[in-house]
Amino acid sequence: MSATAVHSLWTTAADPIDKIDAPTIEYGQLSPVLIVIGAAVIGVLIEAFVPRKTRYYAQLFLSVVSLAAAFAAVVGLAARGFGTTKAQIAAMGAIAVDGPALFLQGTILLTGIVAIFTFAERRLDPVAHGNRVDSFVAQAGSVPGSEGEQAATKAGFATTEVFPLALFAIGGMLVFPAANDLLTLFIALEVFSLPLYLLCALARRKRLMSQESAVKYFLLGAFASAFTLFGIALLYGYAGSVSYATVADVVEGNVKTVDPALADTMGNDALLLIGVAMVVMGLLFKVGAVPFHMWTPDVYQGAPTPVTGFMAAATKVAAFGALLRLLYVVLPGLRWDWRPVMWGVAVITMLGGAIIAITQTDIKRLLAYSSVAHAGFILAGVIATTPDGISSVLFYLGAYSFVTIGAFAVVTLVRDAGGEATHLSKWAGLGRRSPLVAAVFAVFLLAFAGIPLTSGFAGKFAVFKAAAEGGAGPLVVVGVLSSAIAAFFYIRVIVLMFFSEPKADGPTVAVPSPLTMTAIGVGVAVTLVLGVAPQYFLDLANQAGVFVR
């Protein structure tokens, strides 16, 4: 057969196919995500091509500049009205650009910048072999305690890959609360989860515990992702689409045309209820709600403390944003089904987190159970199903994330010969040895407890008020009781620091570089400003509290 004949066959076969329309992408509206993901890719290239000596500075500069640029892009979008009047669905229906998305993205980017400062801290550990070292292992691939690890430490290696990993995680977190279809939601979930699994395994000290925490997080996270994906498949079978708007229409019975291939399953309530339960289960796992919280204390304790702070703050913001959008945009027609379940989850989360925290002897585990209790308080705002519910949750997430990063940054400063001294007995008398550090930590603990004049009080007041007005009065009573229980163990730590005798062989407080000082300073400033004058930020959250449908 000659070449011409083949060619003519090919052309005749190719003729009838219609043109494939190119997708229309609104690059300007997606710029915050694109900047962060682009910087993460450049970070990977820096690891490949830049000499080892200069990588740390290059990565730190790139990370901070890109996150600041992305935040400027978010502010620019909000200023042009994309949070209010011009809110719309971008990227062929995949991503929503609206008030809640921009507010949460801004919060994630700011917490990201502060977290990067704690990642880059290099003054806390003593100098090893003439090199300053950070919280991360010298060479991630080496076996703990092996010759390879010792050689890498001696040579002054540093795992600067943590910066691009953090940027990839932040990129996924930016998409997660803005996702407007179930597939985008799942992809964003994986994009921010996988880097976090890796980051948890990279502690310089206590490496085996760190690797154990990463494996636990990975295995449980993989289960949760599988549940989410299976739920998405069932919802697709139910609605014939993964788009939030279409699923919402089918739930409310507003569908005019039905695809014949899906006529048998479409509108099958069993698929809907099981699918929703599975997707929501995946999101509750990410926020650390009981009974999906079992990973939280182990992972918080084992991961490098800067990573714990980053994860505790930013993951909660992203996951609650996604949960809000799912419940308020896709499932308002299913409210009578999901509210009672969420009531139960919120009650056991608030009480479970507060009661188990009392028994903890490790400061990182204590903060982990406290974060579980806070997930319960935020769920109270989610259950309100009113505009005030949305804005109160946004405000609480913003306030909580800075307190959390600040608190974990303080934990990195208290050290003994084995690295961080996280056992509570070691914190006895810290207020006499280092009054400033103890006072700052006390401010964060009071904010967690929800004491007036801190951001914690303003946030709790907002979510409880929204829940009460939304008809969840009994939930508020449980919330106030849990807050009282939680206040006990926060105050106990403060009493331990200020009213106990310091031990002779107790830990010392390392003097950090300006990076960690900035992280802690920002945390204290936000805690006090949002506590003393929260009104401007509550108004901002109110303006940002409308989802685009």
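Buried, in this talk, means under 20% relative accessible area, exposed means over 50%, and partly exposed is in between, with a 1.4 Å probe and protein chains only. By that rule, buried residues make up 58% of the 549 residues in the protein chain.

A word on the source. This is a predicted model, where local features need pLDDT of at least 70 and side-chain atom pairs count only at pLDDT 80 or more, while totals for chains, interfaces and linings use all residues. Residues are numbered from 1 along each chain as its sequence is written, and side-chain values use heavy atoms, with hydrogens and water left out.

Now the overall picture. The protein chain has 21 helices and 5 strands; these are DSSP runs numbered from the N terminus, H or I of at least four residues for helices and E of at least two for strands. The radius of gyration is 24 Å, which agrees with the value near 24 Å for a compact globule of 549 residues. That radius is taken over C-alpha atoms, and the globule rule is 2.2 Å times the number of residues to the power 0.38. Along the principal axes, the C-alpha atoms fill a box of roughly 85 × 70 × 40 Å. With contact meaning heavy atoms within 4.5 Å, 80% of the contacts between residues at least 6 apart in sequence join residues at least 24 apart.

On to salt bridges. A salt bridge here is a side-chain nitrogen of Lys or Arg within 4 Å of a carboxyl oxygen of Asp or Glu. The count comes to 12.

Take Arg-325 and Asp-98, whose side chains meet at 2.9 Å, N to O. Arg-325 lies in helix 12 and Asp-98 in the loop between strand 2 and helix 4, so the pair ties together parts that are 227 residues apart in sequence. Are these two buried or exposed? Arg-325 is buried, with a relative accessible area of 1%, and Asp-98 is buried too, at 0%.

Next, Asp-134 forms a salt bridge with Arg-204, the closest N and O atoms being 4.0 Å apart. Each sits in a loop, Asp-134 between helix 4 and helix 5, Arg-204 between helix 7 and helix 8. Both residues are buried.

Last, Lys-216 pairs with Asp-298 in a salt bridge at 3.0 Å between the closest N and O atoms. Lys-216 is in helix 8 and Asp-298 in helix 11, 82 residues apart. Lys-216 is partly exposed, at 29% relative accessible area, and Asp-298 is partly exposed at 23%. Through shared partners, salt bridges join Glu-212, Lys-216, Asp-298 and Arg-365 into one network.
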